[in-house]
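The tour below goes stop by stop, with something to select at each.

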Amino acid sequence: MKRARTFLAAAGLLALGLLSLVRGQAEALPPGPGRDLVLGKCQACHDLQYVVDSKGITRGQWEEVVENMKVMGLQLTPEEEEVLLNYLATYLGPNPPPPQAENAEAAEPRSGEALYATFCASCHGPEGRGQANLFPPLRENPALQDPQYPVLVLLYGLEGPIAVGDQTYQGIMPSFGHLSDEEIAALVNYLRTAFAGVKEEVGPEAVAALRQSPLSPAEVLKKRP
Amino acid sequence: MDKVNRRTTLKLMGMGAALLMASGRVRAQGTPTADQVIQGKDPRLIVHNSRTGVLETPLELLREHQRTPKEILFIRNNQVLPQGKTLEPIAPDGWIISIEGMVQNAQAFDAKILKDLPQVEVEMVLQCSGNGRSFFARAQRTSGTQWKHGGMGNVVFKGVPFKVLVEHLKLNLYPGAKYVTVNGKDQPPTLQAPDFEHSVPLEEALEKGILALEMNGEPLPAAHGGPVRFVMPGFYGTMNVKWVDRIRFDVAETFNNNQIPRYRVPNHPIQPGSEFNFTFENSRPNWHQKVKSVIFAPLDGEEVKAGNVLVRGVAWNDGLVPIEAVLVSTDQGRTWIRAKLTSPQSPYAWFHWETYVALSRGEREIWVQAVDKLGRAQPLDGTVHWNPRGYEWNGVDIVKVKVV
């Protein structure tokens, strides 16, 4: 009995070690106002490594990058563009401020609706209708009926062909595991109520439990109901 | 365990991370490994982007092969075919290619006919035009993937000469046609983004262009453009358009975002860090590969024993004329010796060079410069060619070694 407990404790600690690896490129982006815009807008077509790789360029160069991204389909209001450029030019510019401890605990957790607008709408659409052939709709998506699967997708991302209705999607969904348990729960609850009419709520403890066993995006696909 | 102390906790967490990394499943930053991005690739490749597939070959692997095997060959996809993230081939049967534009006989054909047409083989350097971009940071870092030297390889393509296809199909080009634009079956990631395509001069396409079906003696892997890739020996990688779908003959280059302003360099030097408004007149596309050499041994940062040290590597250019000399300096360019040069059969392939240099203890630098028969030489300071997107780096290659 004692040996089994020891083994479990050790395995748990190993898993904790893996957690730090799962956080990924989102952590390479320094905290600062506008960081969420990068996370929400810049993963539709490529992963964040492109953004991180350009760290150190001037504001003028970032402006050129953003102009080119608009040609590629990036949509920003003028206010968003200002915030985004300020973030990129400051925190990923030639003279970034010294890193500060991220106090995520102190920040007010955001509502599911606000999180959706920041992180999800750029791909899945403001109404959750997706984009044909590119990003699946969330509205009336049967996968939202399952209480665990949406949490897994947010924690670890998703990769591989999926069918939603009569359409197949071949994209890659990035992980949003950098969000807190509370925020992931709030977001999943928003998706389920707004788009799937499900009243049953998912709590932060459920999210924390699913964080204990990291999965690859391809493994998340296998869990799809 | 009665008590879990801090040291044990940390040790086990570290072991967990190490275990995962050793098994190759998750890289240090939580990004997928190269074999998870493109099925079949060596997991030791550096992952620059997992979405479409951008992988760089470490020099330790690249230098081991005369012909770069597909498992370690770099890859840079702007867009990707859904079934294209694998080294498995796609059969050309049923793969329709259409011909448009300034031809009297516009048509579509099944790529399977290419198997029965006359074929040629060409050994050539395939190099991303962003290869070496990270070195521009010596003056001013540019945006884009920060390649070192691993965005290149030496491969053999086999396929139908473009000229042969044009004649076989009896296209009857209109005399005014000056460019050929190739677009692949891959699609852009959003509806608003332009669909990747490139234009090359028609004259050169007819002279050396190939519709490649094979790479290194095997059917062309899907990830590298199979079943049909438009190959231009001596041109930068981006111009070798993958997954050929439409071939268009025209009077001008395409206006597509990928032809302008992307994948272009100014015609004249500009101040590092400055902005540049690209036009067709003041800039040129990443067509001909600039003369270049890369040191394969010793590697940057390596420790070597004092005395005679073997320095070796490769050199190449756009294939118009051979490399004439490769010069090596160990005193930061004050004095040079000429390395022994081995010429390949193909003008587009790697030349191999090697020489011994005497190094005494301390921190030393080894500089290498290639010169070709037209007198084109690598600049001592590659940032002289600084451009806003960091293309076409070809500065004299420099490695710093610690001599003990």
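Start in chain B by selecting β17, β24, β23, β19 and β20, which in that order form an open sheet of five strands with mixed pairing. Strands here are DSSP runs (E) of at least two residues and helices are runs of H or I of at least four residues, both numbered from the N terminus. Two strands count as paired if DSSP finds at least two bridges between them. At the edges stand β17 (303-304) and β20 of chain B; each has a single partner strand, so one side of each is left without a neighbour in the sheet.

Before moving on, note what kind of model this is. It is predicted, so local features need pLDDT of at least 70 and side-chain atom pairs count only at pLDDT 80 or more, while totals for chains, interfaces and linings use all residues. Residues are numbered from 1 along each chain as its sequence is written, and chains are lettered from A and ligands numbered from 1 in the order in which they are written.

Stay in the sheet and select β19(B) with β23(B), residues 362-372: the two pair in the antiparallel sense over six bridges. Within β23(B), W367(B) is the bridge partner of S329(B). Strands of a sheet pair through backbone hydrogen bonds, either parallel or antiparallel.

Next, select Q332(B), in the loop between β19 (323-329) and β20 (337-338) of chain B. Q332(B) is not a glycine, yet its phi is positive, about 55 degrees. Is Q332(B) buried or exposed? Q332(B) is exposed, with 12 C-beta neighbours inside 10 Å. The cut-offs are 20 or more other C-beta atoms within 10 Å for buried and 12 or fewer for exposed, with partly exposed in between; C-beta atoms are placed from the backbone.

Now go to W243(B), in the loop between β12 and β13 of chain B. W243(B) also has a positive phi of about 55 degrees without being a glycine, but W243(B) is buried, with 26 other C-beta atoms within 10 Å.

Two cis peptide bonds come next. Select G226(B) and P227(B), joined by a cis bond with omega about 10 degrees; P227(B) sits in the loop between β11 (218-219) and β12 (229-231) of chain B. Then select I260(B) and P261(B), where the peptide bond is cis with omega near 5 degrees. P261(B) belongs to the loop between β13 (244-250) and β14 (264-266) of chain B.

Switch to chain A and colour domain 1 (21-91) and domain 2 (112-222) separately; the bounds come from an automatic or database domain assignment. Their centres, taken over C-alpha atoms, are 22 Å apart. The contact takes 12 residues from domain 1 of chain A and nine residues from domain 2 of chain A, where contact means C-beta atoms, placed from the backbone, within 7 Å. On the domain 1 side, α2 (25-28) and α3 (35-41) of chain A each supply at least two residues, and α3(A) gives the largest share, four residues.

Finish with helix α8 of chain A, residues 149-156. Seven of its eight residues are buried, so α8(A) is largely enclosed by the rest of the structure. Among the buried ones are P150(A), V151(A) and Y156(A). The buried residues of α8(A) pack against β1 (158-159), β4 (172-173), α9 (181-196), α10 (204-211) and α11 (217-222) of chain A. Just after α8(A), select G157(A), where phi is positive at about 85 degrees.

Technical notes:
Contact = placed C-beta atoms within 7 Å.
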